[in-house]
Amino acid sequence: MSLPEIHDFLGCRTPEAWVSVALTEQEVLLLDHKNCEFKAASTALSLIARYNDRLDLVNYMSRLAREELVHHEQVLRLIKKRKINLRPVSASRYASALRKGVRTSEPHKMVDTLVVGAYIEARSCERFEALVPHLDEELGKFYAGLLQSEARHFQNYLKFAYAFGEQADVDASVLRFRELERELIESPDTEFRFHSGVPSYAY
């Protein structure tokens, strides 16, 4: 499946070495994916709390939070079906590193937060695309379905960034975070996670 809009938005494709590690670490992949879906719902709720005067944003984020929680439950069912024991999995550096680049004054904080959301959703979509051809039928079908959801979420995060910010400022934010996101994906990482770079032990 080709996703040219997302490929153009991202600064790089997922390295093949990350895919190879993911296929050998499917328990960690699913456990971290579960956590990512919960965090995505939490992000949507935090945007509702912070920008509760933006009716269109609030309505969309309310729906998004529910959808992300459904995905969380779906991953949980897969984890149970595959007899994977629930255990704590630490967060990767990815989202926190992106959020460190968010400006602190408004409306720039809102613009950057939405652009970061777009990058997280776009990368999730691209990772599902990279994984699907290599997975068993059940997990491959599930991730192929999620791929479409993440693509839609990416488009909506970006749409809201342009709706609430000046075009030149949003364009500059997109370029700034593209480089940061690319560095996080292409540089060696200390551990494997859904959004990690390539683990250093894979080199």
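**Exercise 1. Are Phe128 and Phe194 buried or exposed?**

Before starting, note that this is a predicted model, where local features need pLDDT of at least 70, side-chain atom pairs count only at pLDDT 80 or more, and totals for chains, interfaces and linings use all residues. Residues are numbered from 1 along each chain as its sequence is written, and side-chain values use heavy atoms, with hydrogens and water left out.

Solution. 
- Step 1: get the cut-offs. Buried is under 20% relative accessible area, exposed is over 50%, and partly exposed is in between (1.4 Å probe, protein chains only).
- Step 2: apply them. Phe128 and Phe194 are both buried.

**Exercise 2. Work out how the rings of Phe128 and Phe194 are arranged.**

Solution. 
- Step 1: rings of Phe, Tyr and Trp (its six-membered ring) pair if their centres lie within 6.5 Å; planes under 30 degrees apart are stacked, over 60 edge-to-face, and the rest tilted.
- Step 2: the centres of Phe128 and Phe194 are 5.3 Å apart and the planes sit at 50°, so call this pair tilted.
- Step 3: Phe128 is in helix 6 (residues 108-131) and Phe194 is in the segment after helix 8 (167-186), 66 residues apart. Helices here are DSSP runs (H or I, at least four residues) and strands are too (E, at least two), numbered from the N terminus.
- Step 4: look around. Phe128 and Phe194 share one aromatic cluster with Trp18, Phe142, Tyr143 and Phe192.

**Exercise 3. Find out which helices the pair Tyr60 and Phe160 ties together.**

Solution. 
- Step 1: the structure has 9 aromatic pairs. One of them is Tyr60 with Phe160, tilted at 5.6 Å centre to centre and 45° between the planes.
- Step 2: Tyr60 belongs to helix 4 (residues 55-81) and Phe160 to helix 7 (residues 137-164), so the pair joins parts 100 residues apart in sequence.
- Step 3: check the burial. Tyr60 and Phe160 are both buried.

**Exercise 4. Describe the overall fold of the protein chain.**

Solution. 
- Step 1: count elements. You get 8 helices and 0 strands.
- Step 2: check burial overall. Of the 203 residues, 51% count as buried.
- Step 3: take contacts (heavy atoms within 4.5 Å). Of those with a separation of 6 or more, 79% come from residues 24 or more positions apart.
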